[in-house]
Amino acid sequence: MTSTPLQDSTSTPASAATPPVAKRVPLERTHHGDTFVDNYEWLRDKESAEVVAHLKAENAYQEAVTAHQEPLREAIFQEIKGRTQETDLSVPHRKDGWWYFSRSVEGKEYGIQCRVRAADTGDRIADWTPPAVEPGVDIPGEEVLLDGNVEAEGKPFFSIGGTAVTVDGTLYAYAVDNSGDERFTLRIKDLRTGELLPDVLENIFYGVTFSPDGTRIFYTVVDESWRPYQVKAHVLGTDVSEDTVIYQEDDPAMWLGFELSADRRHLVLGIGCSEYSETRLLRFDDPAQQVTTVISRDERVLYEAEPFLLDGEEKVLLTHNRGAINSMVSLADPAELAKPLADQAWQPVVEHSDDVRVNGAGVTSTHLIVSIRKDTIERVQVLGLAGLGTPVQQEPVEPAFDEELYTAGVGGSDYEAPVIRLGYTSYFTPSRIYDFVLPTAEQPAGELLLRKESPVLGGYHGSDYIASREWATAADGTRIPLSVLRHKSIKQDSTAAGLVYGYGSYEMSMDPGFGIARLSLLDRGVVFVIAHIRGGGELGRHWYEDGKKLTKKNTFTDFIAATDWLAGSGWVDPARIAALGGSAGGLLMGTIANMAPEKYAAVVAQVPFVDPLTSILDPDLPLSALEWEEWGNPITDPEAYAYMKSYSPYENVREVAYPRIAAVTSFNDTRVLYVEPAKWVQELRNRTTGSEPILMKIEMDGGHGGASGRYVQWRERAWDYAFIADSLGATELLPGAGLK
């Protein structure tokens, strides 16, 4: 494709830079009678000095080729920084007798976790109204629980994998990762003295919680393939070697997690994959401490269970897909759950609908809270517990918002609270925090109370931008929803630059959300399209089912259809379109680059899953077995193997003129190993018949989410967006756009 509007990298000083060439060490991989010769598998050895030297050479080459983008990167970084209120705070949330919140301070990378005592005056709404917290002003009695900046000092990386406080508020547990490999060290602070307890738990996974009596702490452990497989209990004051295994999951294709039930009477263990699940319960007042199963995985039901008391009687709330592909909510008596599944009678609470996807449900002491998705939009509904599951069940109440494209989700709820916390955002509305007063007889519609709208500095006005819902048509006639974002001054004269973003896996939906960094592209005249392709969850379970396993290619062709829509929309010059995606969306980038390289001026693949067959064929690699229900099991299924091989980016690189490509990755990523983009980039350079540079940028201290500090993350985003803007010839701000 032509690159006339682009800066030609061959004319820059970077022309002296030579891409590093990895040696070829042929390794044969044979499955189902098919042999693939992999020349670069040796790059997997991250302990090898030769591998590390090669990766550093990749960075040096990338830095040389993109050196001319540095002023643009700095400009975008300063725009992100200039729009962000750096000294800021979260809205306090109440847990038991305290208000918890975090502060961020200008010039500091990490948040500071704080709390202040709550009052109980008898006025329930007033008692659940968060205190006014001002940046830089301490509240009387404010306590600092954890200062991330102090914890991170002298460390290459810092991330918190979970925190917990005892019900009485005296002990605070926090899990820290200092390498980016998502293995955390847990420590416990006595908040009365500020001293750390001698208890230290090493190599734990996300999620920690105290037992209600504060004597035990529960945590998760991963196995060698990085799958959480054990939930353990540590009794405070005892040696870690004495920790007990509450439950161990031995099936390599099942994921394990836990949480407390809303009323804190049970530990709820969630075991599952994307196709079926199992919930096990540990009742804290059970002297035998037996773990019981709600519905066996053998029934192949995908469900979540919440035990609670309804009018003093034990009930289990089930969000499930039994006879309901989009899921529904039912109520079950424990006695029913003891019968064979076919004989069990459940009371429907939220009926199944082909148009509404039920994402989850929970309870407070007075209300049922349901998260649903309708017309691609995530919404929240509440209904009183009185008469639940009977003919006199109350009608659901939905908080009303005034935008077409938005996201509203439950941001937290406390069992005894008269309010639930909601998060709200849209493409051009910064995130808002609401408390929704739960409906009562006196106030049947409830009430939305705005607690905070995140400030955006630099003269930001949402009215300067336009978000619209458009539809592309796939080859099979399926209509693909698109969210099209642009600056209002863009004219429909086929001259603008465009960017198509997509993900399309694991039933993950790309919901409307505000992004400060994205404004820097829109202000440079880039039309930003988010393609809600099959494999995601935007249009219900069918939408996901039609983009996984043996229908996975719909994900890729939908993205190309979205690109074709943009090229023909009248907004952009078809020669000025880029593509962006990360992780499974990085696999998408690799595949569309192979399928339709001529349609893109540039492709940015973040932590890209571009060698999926090698990974999934090795069950000992991190998380491989968990991928079988998403892509198929190529180890045992010849059809799944052949289908995956037909689209795997690494295996399908061909002799064609590839656009300029940037693979962005991290050395310590445990989900998509750096070796995948390292191999892919080598093969692209071997095969391309074009002259566009193919780059690999590797963060040597980061994990799957990149580096850890906020300023470092802003610079990473600035790098990606500068690469895109430069490739599209969209480096100058539109008249009147930018920071004010």
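**Ground rules**

I am working on a predicted model, where local features need pLDDT of at least 70, side-chain atom pairs count only at pLDDT 80 or more, and totals for chains, interfaces and linings use all residues. Residues are numbered from 1 along each chain as its sequence is written, and side-chain values use heavy atoms, with hydrogens and water left out.

**Entry 1: the four-stranded sheet**

I looked up the strand order and found β8-β9-β10-β11, an open sheet with antiparallel pairing. Strands here are DSSP runs of E with at least two residues, helices are runs of H or I with at least four, and both are numbered from the N terminus. Two strands pair if DSSP finds at least two bridges between them. The edges are β8 (159-165) and β11 (196-204); each has a single partner strand, so one side of each lacks a neighbour in the sheet. Neighbouring strands are turned by 20° against each other on average, direction ignored. I note that the axes are lines fitted to C-alpha atoms, for helices over the stretch in contact, with angles from 0 to 180 degrees between N-to-C directions.

I then checked β9 (residues 171-177) against β10 (residues 184-190): six bridges join them, antiparallel. Leu171 stands opposite Asp190 in β10.

**Entry 2: the three-stranded sheet**

This open sheet runs β24-β25-β26, again with antiparallel pairing. I find β24 (356-363) and β26 (377-384) at the edges, each pairing on one side only. The twist averages 20° from one strand to the next. Eight bridges hold β25 (residues 367-374) to β26 in the antiparallel sense. Ser371 faces Val380 in β26.

**Entry 3: helix α1**

I took the span of α1 (residues 49-65). Its 17 residues reach 24 Å from first C-alpha to last, close to the 24 Å expected at 1.5 Å a residue. The expected span is 1.5 Å times one less than the number of residues. At the start of the helix, a side-chain oxygen of Ser48 comes within 3.1 Å of the backbone nitrogen of Glu50.

Which residues of α1 are buried? I list Val51, Val52, His54, Leu55, Glu58, Asn59, Tyr61, Gln62 and Val65. Buried means under 20% relative accessible area, exposed over 50%, partly exposed in between (1.4 Å probe, protein chains only). Their cover includes α13 (675-687), β38 (694-699) and α14 (710-727).

**Entry 4: aromatic pairs**

I count 25 aromatic pairs. Rings of Phe, Tyr and Trp (its six-membered ring) pair if their centres lie within 6.5 Å; planes under 30 degrees apart are stacked, over 60 edge-to-face, the rest tilted. Trp99 and Trp128 are edge-to-face, at 6.5 Å centre to centre and 70° between the planes. They sit 29 residues apart: Trp99 in β5 (residues 98-104), Trp128 in the loop between α3 (124-127) and β7 (143-147). Trp99 is buried because its relative accessibility is 4%. Trp128 also counts as buried, at 12%.

Phe401 and Tyr406 are tilted, with 5.5 Å between centres and 55° between planes. Phe401 is buried at 18% relative accessibility, and Tyr406 is buried at 6%. I also logged one aromatic cluster of Phe184, Phe205, Tyr206 and Trp255.

**Entry 5: Asn633**

I located Asn633 in the loop between α11 (628-631) and α12 (638-647). At 17% relative accessible area, Asn633 is buried. Its side chain reaches the backbone nitrogen of Ile635 at 2.9 Å. Asn633 touches Trp628 and Ala640, not counting residues up to four places away in sequence; contact means heavy atoms within 4.5 Å.

Key
A polar contact is a pair of N or O atoms within 3.5 Å; within protein, one must be able to donate a hydrogen and the other to accept it, and residues adjacent in sequence count only if both atoms are side-chain atoms.
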